[in-house]
Amino acid sequence: MEHTALVIVESPTKARTIRRFLPKNYIVEASIGHVRDLPQSASDIPKDLKKTGWARLGIDVENGFKPLYIVPRGKGKIIRELKKKLKDVDQLLLATDEDREGESISWHLVKVLNPKVPVKRMVFHEITKTAIQKALENERDIDTNLVNAQETRRILDRLYGYTLSPLIWKKIAYGLSAGRVQSPGLRLIVERERERIKFKKSVYWDLKAQLKKRSAADPANETSAETGYSFEAALESVDGKRVAGGKDFDPETGKKLPKKDVVVLDEQAAAELKTEVEASEWKVVSLTEKKSKNRPAPPFITSTLQQEGNRKLRLSARETMRTAQRLYEQGFITYMRTDSPALSQEGVNGAIQAVRQLYGDEYLAEQPRQYSTKSKSAQEAHEAIRPSGEVFKHPDETGLSGKEQALYALIWKRTLASQMAEARKVSNTVKISAGRTICSATGTRIEFPGFIRVYVEGKDDPEAALDDKESFLPPLEEGETVDLLELQQLYHETKAPARYTEATLVRTLENMAIGRPSTYASIINTLFEREYVRKQGSALLPTFTGFAVIQLLENHFHYLIEYGFTSAMEAALDDIAIGKVDRQEYLESFYSGEEGLQQKVEQREKEITPDETRTIKLPHINIVDGIKVGKYGPYIVYKDDETEPIHASIPEDIAPADLTEEEVREIIEIQKNGPEPLGHDPETGQAIYCLTGRYGPYYQLGEVTEENPKPKRAALNKGLKPSEANLEDALKQLSLPRILGTHPETGKEVAANRGRFGPFVVHDGEFRSIKSEEELFSITLDEALELLATPKKGRGNSRVLRDFGKDEVLGKKLAIYNGKYGPYIKAGTKNVSLPEEKREQEEIDKLTVEEVRKIVKNQKSAKK
C-alpha cells in the first residue's frame with residue numbers, strides 16, 4: 001500500500017507553495033495559526049472553572065503554574081477537518097516554522113488532534129525543492145526544550161500583563177496594559193521625551209571659507225572663480241584652541257562643558273574674526289592622506305531587516321515582518337525570524353555566483369565571508385535572511401511588485417554585498433592658516449567601490465549619510481598660497497536629542513537584550529493600539545497616557561521596567577529552555593511569595609490614588625499643577641483666587657516636550673474669558689470662534705444651545721496655529737463640504753471635502769483623493785467627474801483584486817482590495833476582513849457575489 005501523510009503548516013500560502021515540492025500522496029493543509037491559546041476573555045473560560053481564583057489569569061498558579069488552554073472561536077471547524085483528513089493517512093508531518101513559536105504550534109496540534117499514527121516534525125528554513133527533500137529525509141521528534149521555552153515565555157507574559165493591567169485600568173483608564181517588553185520599550189520613548197523637556201539650546205558661531213587654488217597660468221589671480229579650483233574650508237581653531245561645536249555643550253544647561261578647552265564664538269566675536277582674517281594671507285600649512293577600507297554589513301537578521309525596512313522603505317516593523325512572511329511562504333526568501341547572520345554554503349555560493357555574473361571577479365571578496373552573532377543567546381533559525389535556493393533570482397525576474405518586490409530587492413542586495421570586496425577610500429585633509437586661525441578641508445575619493453556598487457547601509461543620522469559621498473580637493477602643496485573667494489559667518493544651535501524611530505527603537509532594544517527581535521513588531525504595534533505613542537513623520541512621540549503609565553510603574557514597580565531586570569529575565573528564560581534553571585522555581589520567585597508580583601500589587605494598590613497617577617508633572621509647565629489624563633484625553637485644571645477651577649482640553653497632537661507655557665496660558669484665557677469671535681458669517685450672521693478641543697484647534701459656527709447642540713465645526717488649515725486663526729480661513733474651512741454640482745448620469749451630488757486621510761471628491765459613495773488642500777477649494781465639477789471616472793487605486797499600496805459593482809441586495813458597491821494587511825472586502829465605505837482561508841488569489845477568484853455578501857452580513861451580525 002502506498003505511504004500517505006498529512007502535512008500541516010500554518011498558512012494557506014505556505015501550504016500552496018510546499019505542495020509544489022511534495023509527492024501527490026502527501027496532503028498539505030493549513031492550521032491557520034494557533035489551534036489552542038490561553039483564554040482572551042471571561043467568556044472563553046469553562047463554566048466549571050470560572051469561580052476559581054486563578055481563572056482570570058488562565059494560569060493555575062496554585063498547581064505548578066499549569067496553563068489553561070482553550071480552542072479559540074472559529075478553530076473548531078479547522079480542527080474537525082484536520083481530524084477527518086488524519087483518518088486517511090498513515091503519518092502526520094508537522095511542518096510549522098522552525099522557531100519556538102512554530103514548535104509550540106506543532107505541540108498544540110498533537111494535543112488537539114490526538115493522532116493514532118506516527119508523528120514527526122519536518123523543518124526547513126526555505127521553501128525550495130532541495131530544502132523540502134532534505135527535511136523529509138531528516139524528520140525528527142518535537143523539541144520539548146523549544147516548546148518549554150515558548151510556553152514559559154507565554155506564561156510569564158500572562159502573569160506580568162494580567163496582574164499589572166487591571167491595576168492600570170483602575171488607576172488611569174480602562175483598556176490600558178503593561179507588558180514584559182512593551183513597558184521597558186515605552187520607558188525608552190518616555191525617557192527620550194524627558195531629555196527633550198530638559199534640553200536647553202546652545203548657540204555658537206563659526207566661519208566657512210570658499211577658497212580657490214591659483215592656476216599655473218594665472219599666478220596674479222586675475223581669472224574668475226569659475227576657472228580656478230575652488231573648495232570649502234571650515235574654521236578649526238583660533239590661537240591654537242579648537243572652535244566649539246555642538247558636542248561641547250551640556251544639553252541640560254546649554255552651557256559649555258567645563259572640561260572642554262575650546263573657543264566659543266558669539267555673533268560679535270565671529271564678525272570681528274571674519275573682518276580680521278579676510279585681510280590675511282591664506283597659506284597651506286599641512287597635507288595628509290589617509291587610506292581606509294569599509295566592510296559590508298552582515299546579511300540580514302530579523303532586527304536589522306526591520307531597521308532597514310523602516311529607514312529605506314518607510315515600512316513599520318509590523319509591515320516589514322508581514323511582507324517578509326509572505327516572501328518566505330511564497331518561496332522567495334529563507335525564514336525571516338532569525339538571530340543568526342551566518343550564511344549556509346549554499347547561500348555563500350549563491351551570492352558569489354550572482355556577484356561574478358553581474359559585476360565580475362574583481363568585485364568578489366578575497367575569501368568567502370562568514371559572520372557570527374554577537375548575542376550569547378542567539379537561536380531561532382540557523383541562517384541569515386537571504387534569497388532562497390542555490391541560484392538567487394534577480395528582483396526584476398521575480399514577478400513581485402510593490403512592498404514585496406522592494407523588500408526582496410533589499411534582501412537580495414544585502415546578501416550579495418556581504419560577499420563582495422571592501423570599498424577602498426582615500427581621504428585628503430589640508431590645513432590652511434589665515435592670521436591666528438587654522439581652517440581645514442577634507443576631500444574623499446573612492447578608489448574602488450566594491451560592495452557599495454550594490455548596497456549601502458541606511459543611516460539614522462542624515463549628516464552621517466554624507467560620509468559615503470565623494471568630495472574632491474584640488475592638488476595642493478605645503479606653503480602654497482590660496483585665494484579667498486568668500487568668507488561666511490555661520491549661526492549654529494544645538495538640537496534636542498532625536499526622538500526614537502521604529503528603526504532606532506528596535507536597535508536599542510536589541511543592544512540592551514530586551515525581548516526577542518521576532519516580537520518587536522507586535523510590541524511596537526501594541527504601543528500604537530494602546531495609544532501610548534503616535535507618529536510624527538517617522539518619529540515616535542509618547543502621549544500623555546503613555547507618560548502616565550510609565551510614571552505609575554516607575555513610582556510603584558520600578559524594578560519591573562529596569563532595563564537590566566528585563567534583560568536578566570530574558571537570559572533566565574533562555575536558561576530554562578536548556579534545563580539550566582527550573583521553570584517552576586523561577587515562576588514562583590517572580591509571581592508568588594512575599595517578594596512576588598502578586599503580593600506587591602496587592603500591597604501597593606491601596607496606596608496608589610487615581611488622581612496622583614493621572615497627573616503628569618512637567619518641569620517646564622508651572623502655571624498648573626500638572627497635565628491630567630482623562631477619559632476624553634489630556635486636560636488641565638487651573639485654579640486661582642478669583643474664579644472657580646477651570647478645566648480645559650490639551651490637543652492630543654501636542655507631544656509633552658512640545659507643549660509650552662505660552663500655549664497653556666492661551667488655552668486657560670480662552671476657557672476663562674470665553675472665546676472672542678473672529679468675526680461673523682455673512683450668510684447667517686452667526687459668530688465664528690476658534691476653539692481648542694481634544695483633537696486640536698477648530699472653528700465653530702455659532703454657539704452650543706439647546707436648539708443647536710452641535711454647531712458646525714471645521715479644522716484649521718494645516719500648519720495654522722490658534723493664534724494665527726482668521727476669519728478668511730474660517731469661512732473657507734466652514735464652507736466644506738463644497739457642493740460642485742450634480743452628476744450627469746445619476747443626478748446625485750458631487751462634493752469636495754476633507755477627511756481623515758486628506759482632501760477628496762465624492763459621489764454616491766465613490767471617493768477619489770485630491771492632491772492638495774488648495775485644489776479642495778478650486779476643483780471644478782468637470783475636474784471632479786474626470787477624477788471619479790479613473791479606476792480607484794486605493795489608499796497606500798491598495799489595489800483592486802475583484803470588482804463586483806453595485807450589489808442590488810446590499811445597495812452598496814462591493815470590491816476586494818489587496819491592502820496594507822492583506823486582502824479585504826470593501827462594502828460601500830466599510831472595510832470587512834476576508835476569512836483567512838479565502839485570502840489566496842485563487843480562492844478570491846472563485847468567490848461569488850453571494851459569498852461576499854454573506855461574509856459582509858456575517859461580520860455585521862458578529863459585531864451586534
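Is arginine 295 buried or exposed? Arginine 295 is exposed, with a relative accessible area of 53%, where exposed means over 50%, buried under 20% and partly exposed in between (1.4 Å probe, protein chains only).

## Basis of the model

This is a predicted model, in which local features need pLDDT of at least 70 and side-chain atom pairs count only at pLDDT 80 or more, while totals for chains, interfaces and linings use all residues. Residues are numbered from 1 along each chain as its sequence is written, and side-chain values use heavy atoms, with hydrogens and water left out.

## Salt bridges

The structure holds 52 salt bridges, a salt bridge being a side-chain nitrogen of Lys or Arg within 4 Å of a carboxyl oxygen of Asp or Glu. One of them joins arginine 295 to glutamate 422, with the closest N and O atoms 3.6 Å apart. This pair links distant parts of the chain, 127 residues apart, with glutamate 422 in the loop between α11 (402–418) and β11 (423–434) and arginine 295 in the loop between β10 (282–294) and α8 (302–313); helices (H or I, at least four residues) and strands (E, at least two) are DSSP runs, numbered from the N terminus. Glutamate 422 counts as partly exposed because its relative accessibility is 21%.

Another salt bridge brings together the side chains of aspartate 483 and arginine 214 (2.9 Å, N to O). Aspartate 483, in strand β13 (residues 481–493), and arginine 214, in the loop between β7 (203–213) and β8 (229–238), are 269 residues apart. Aspartate 483 counts as buried at 7% relative accessibility, whereas arginine 214, at 32%, counts as partly exposed.
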